[in-house]
Amino acid sequence: CNSAVMAAYAAIFSAARAVLMRDGYRERRHACVARFLEAKYGKKLPPDSILLLDYYRETRHDVQYEASYLADYESASRMIQFAEAFIPAIESLILA
């Protein structure tokens, strides 16, 4: 499940970062991506998107840096479902 979490977060983060790049910015920290989206596009994204982005950022951090952390199947599945909804929402921002 840890691999699923890492892959889902990479997809989520890459999509979110694409908006920054399109707007002429470069991220320096993962948390800054969420803050940028919140400030500039918060009302255009589905409810709770930013909260979930932050939550999954922290989950990815735990998986990557905490040797004893093991993601469970349910958590990984919810993260994948979020990615499946979040990425099209980001695509619509980019194409707007």
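Me: Which residues have the most contacts inside the largest nonpolar core?

Reply: They are Ile12, Leu37, Leu45, Met79, Phe86 and Ile90, in a core of 28 residues. A nonpolar core is a set of buried Ala, Val, Leu, Ile, Met, Phe, Trp, Tyr and Cys residues joined through side-chain atoms within 4.5 Å. Two or more residues come from each of α1 (2-22), α2 (30-41), α3 (49-65) and α4 (73-95), and α1 gives the most, with 9. Helices here are DSSP runs (H or I, at least four residues), numbered from the N terminus. This is a predicted model: local features need pLDDT of at least 70, side-chain atom pairs count only at pLDDT 80 or more, and totals for chains, interfaces and linings use all residues. Residues are numbered from 1 along each chain as its sequence is written, and side-chain values use heavy atoms, with hydrogens and water left out.

Me: What makes glutamine 81 count as exposed?

Reply: Glutamine 81, placed in helix α4, has 52% relative accessibility, so it counts as exposed (buried is under 20% relative accessible area, exposed over 50%, partly exposed in between, with a 1.4 Å probe and protein chains only).

Me: Why is α2 called roughly antiparallel to α3?

Reply: The two helices pack at an angle of about 175°, with their axes 10 Å apart. Axes are lines fitted to C-alpha atoms over the stretch in contact, and angles run from 0 to 180 degrees between N-to-C directions. Angles over 145 degrees count as roughly antiparallel, and therefore α2 is roughly antiparallel to α3.

Key
Parallel < 35°, antiparallel > 145°, perpendicular 65-115°, else oblique.
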